[in-house]
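Hi,

Here is the structure I promised to pass on. My notes on its aromatic rings follow below.

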Amino acid sequence: MEQMNITSAQYLADPLGNNLHSSIRATIDGQELFVPLDPANRHYVEIMRQVEAGKLTIQEADA
Amino acid sequence: MSKARQLADLGGVTTRLDEVGNTDGALSNRNMIINGGFTVWQRGTSGSAGSGFTMDSADRWYSVRGALSQETENSMPYAHITHGNYADSCYINHRIEDFTHTLGQQVTLSFKIKSDDGLGADGGVFVRYYTSSNNYAVCQPQTTFTYGSTWTTITYTFTMPTTTPKGAGYGLEFFLYGDLNSINNNGKTFDIKEVQFELGDTATPFEHRSYGDELARCQRYYWSETGAGNDLTTNYATLYSSSYSMCIIDLPVTMRAKPTVSAASYTSTVLGNYHSRNRVQVYLNSAAASVNDIVADAEL
């Protein structure tokens, strides 16, 4: 599988105030990316794989 | 010989037209490889050699341990791969999204390859797809072939496995090597063009598609405002409340999945993003803001 160097990940809040997450702001291979919460998206799949492997923690959204 | 091949040769057609395309090649849209002619380069025409899967030049093609760049011959582009400084093989990789109709069927992969640097003793090919997160089905085992300094057509016909693929987010993967050996070929190059994968037992002539057709197919996986040839790449947000604004960018083609989004710059802090397969919405912490040079990525 593809290896990605993910150095940070943080949920972004729902700007509409629905108490949901809208996406994940992540730094992947040195680039800031906004990753949707979509299991068909390869960046999301890799983020969750690294989370499950204990290699990455997604920070909660800013209050 | 496939029925499509017979028809392409304009001779010896002994089949009914309504039979064509059932289990072997169709007359058009035969090629399941997108950008097999290397005509679309939204990210630029010169790549760099990275240790992992890198897609930084030709659409739909990853390179591993090699820089993939464009060269032309009679104005027709092709892939020029330069080995990086790695003590392992270098290859390019392509992934097909929807291939379930090929399972259990006879299929044919064909492409043209040459090297100006003396490679060619051990060119290689490998085809697989994932059946779970950690297991894959081998369609065409790693196999070597020989080629030289002029274009050589390589053809493999094989029967696809029947094991169920893992599904969304995983594709049928093609690996094309200039040298399959795990040695350092730093600086040596090989060239590839006209990659085609089709149903049937015979390689038909390469199917040239129009640039617009190929670009639209590529934009299902990647779209860049600048790469698409636009010169208007500032997207102004509209006022959404007294304190923030929302920027909406409609995508030209429905993407494979909700895309990952990046931008060259934002004029205000990003509060949140909602992406559908047709639209990107960016919420910004200012009543007046803009987003510049959007990139949407839904590659496999």
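Rings of Phe, Tyr and Trp (its six-membered ring) count as a pair if their centres lie within 6.5 Å; planes under 30 degrees apart are stacked, over 60 edge-to-face, and the rest tilted. Searching the whole structure gives 21 aromatic pairs over all chains.

One of them is Phe34(A) with Tyr266(B), edge-to-face at 5.7 Å centre to centre and 80 degrees between the planes. This pair crosses between chains, joining strand β3 (residues 31-35) of chain A to strand β15 (residues 260-266) of chain B; strands are DSSP runs of E, at least two residues, numbered from the N terminus. Phe34(A) is buried at 0% relative accessible area, and Tyr266(B) is buried at 18% (buried means under 20%, exposed over 50%, partly exposed in between, with a 1.4 Å probe and protein chains only).

Phe53(B) and Tyr62(B) also pair edge-to-face, at 5.7 Å and 85 degrees. Phe53(B) is buried at 19%, as is Tyr62(B) at 1%. Ring pairs link both into a cluster whose members include Tyr91(B), Phe126(B) and Tyr177(B).

Two arginines sit over rings (CZ of Arg, or NZ of Lys, within 6 Å of the ring centre and within 35 degrees of the ring normal): Arg43(B) over Tyr222(B) at 3.5 Å, and Arg60(B) over Tyr221(B) at 3.7 Å.

This is a predicted model: local features need pLDDT of at least 70, side-chain atom pairs count only at pLDDT 80 or more, and totals for chains, interfaces and linings use all residues. Residues are numbered from 1 along each chain as its sequence is written, chains are lettered from A and ligands numbered from 1 in the order written, and side-chain values use heavy atoms, without hydrogens and water.

Best wishes

Conventions:
Helices (H or I, at least four residues) and strands (E, at least two) are DSSP runs, numbered from the N terminus.
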